[in-house]
Amino acid sequence: MSFSLGPRAASAGYRLEAFERIGSTNAEALVRARSGEAGPLWFVTSEQAAGRGRRNRPWIAPRGNLAASILEVMQVPPAVAATLGFAAGLALVAALRSAGSDETAFALKWPNDVMANGEKLAGILLEAEAVGDRLAVVVGIGTNVVAAPEGTPVPATSLNALRIHLSAEPLFAALSDAWAGYRRIWDDGCGFAEIRRSWLELAAGLGGPVSIVSGGSTVTGSFDTIDEIGCMIVRTSDGRRVPISAGDVYFGAAASAGAA
Ligand code: BTN
């Protein structure tokens with residue numbers, strides 16, 4: 001089977017470049033943006049050998065997993081572009097549901113993970129770079145279809161382990177269609193309020209104990225909400241509402257373990 005765009009993505013003007021094997025779809029998208037590609041253009045690969053994850057972690061996608069990046073070039077400040085990650089999580093959940101996996105409990109873990117039955121199914125990495133007076137934004141989405149990494153700090157799962165019979169190619173087509181829809185709602189950041197509402201409906205750990213570890217410091221409290229720019233708001237035991245812009249998130253019992 002080969003990769004193709006879904007019908008809504010194709011008619012909305014998206015294009016696709018598919019690879020058999022590549023280092024990183026995000027890296028390829030940024031290289032192309034530097035040489036003048038204005039998108040919107042999807043990069044998808046059957047196998048990703050040197051993929052990157054958040055916080056400089058590797059993200060290798062063996063054959064059968066889905067590694068895809070969308071390049072969009074726009075005129076928005078980087079902080080606004082960063083909120084596209086929330087739209088990407090919503091798009092992936094919509095794609096998984098539309099492709100038939102509606103019995104699994106999908107959730108969105110701040111900032112950018114897609115969880116299935118409490119384990120990490122997919123990760124999203126946003127990268128942005130100025131090109132002239134515009135911003136090239138690359139949203140990379142990695143989904144564990146046939147295999148999940150072992151020994152990760154947050155347990156990972158795959159569609160295969162969940163007995164969801166869906167391969168990377170139809171999932172990609174559904175994702176490209178769902179992305180076209182959420183990208184339109186996001187509307188260069190003007191529609192983030194709607195994205196935020198939908199995201200909160202699927203948020204993992206909302207209202208519960210949370211620890212966020214970042215750069216050697218830890219904030220512990222309860223997960224109150226995300227704010228209008230996508231920061232996690234943590235309510236601490238002394239009643240403060242602390243906005244968090246980045247970090248590793250631990251919920252529930254793991255909140256105290258993460259803080260240790
Ligand atoms: C994470 O750390 O959770 C984010 C992982 C993002 C991986 C995807 S796979 C497609 C795209 N290309 C990359 O090199 N990374 C992203």
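**Ligand site and pockets**

I began with Thr25: one of its polar side-chain atoms lies 3.0 Å from a nitrogen atom of the ligand. I note that this is a predicted model.

Next I checked two neighbours in the contact list. Ser24 places a polar side-chain atom 2.7 Å from a ligand oxygen atom. Asn26 uses a backbone N or O atom, 3.4 Å from a nitrogen atom of the ligand. I then looked up the burial. The ligand alone exposes 420 Å², and the protein buries 98% of that.

I listed the shell. It holds 20 residues, and Ser24, Thr25, Arg52, Arg54 and Lys120 come nearest to the ligand. By class I found six nonpolar, ten polar and four charged residues. Strand 6 gives the most, with four.

Which pocket does the ligand take up? The ligand's space is the largest pocket. I read its volume as about 700 Å³. Its lining has 40 residues; Gly53, Arg57, Pro58, Trp59 and Lys120 lie nearest the centre. That lining splits into 19 nonpolar, 14 polar and seven charged residues. Strand 12 (248-251) is among the elements that supply at least two lining residues.

Last, I turned to the second largest pocket, with about 470 Å³ of space. I found 24 lining residues, with Ala82, Thr83, Pro111, Asn112 and Ser245 nearest its centre. Of the lining, 16 are nonpolar, five polar and three charged. Strand 6 again came up: it gives the most to this lining, five residues. Helix 3 (78-81) also supplies at least two.

Technical notes
Residues numbered from 1 in each chain as written. Predicted model: local features only at pLDDT ≥ 70, side-chain atom pairs only at ≥ 80, totals over all residues. Heavy atoms only, no water. Near = heavy atom within 4 Å. Polar contact = N/O pair within 3.5 Å; in protein donor to acceptor, adjacent residues only side chain to side chain. Areas by Shrake-Rupley, 256 points an atom, 1.4 Å probe, with all protein chains shown as cover. 1 Å grid on protein atoms, 1.4 Å probe; cavity = no way out; pocket = protein on both sides within 12 Å on 5 of 7 lines; lining within 4 Å. Sits in = over half its atoms within 2 Å of the grid points. Nonpolar A, V, L, I, M, F, W, Y, C, P; charged D, E, K, R; others polar. Points joined across faces, edges and corners; volume = space filled by probe spheres on them.
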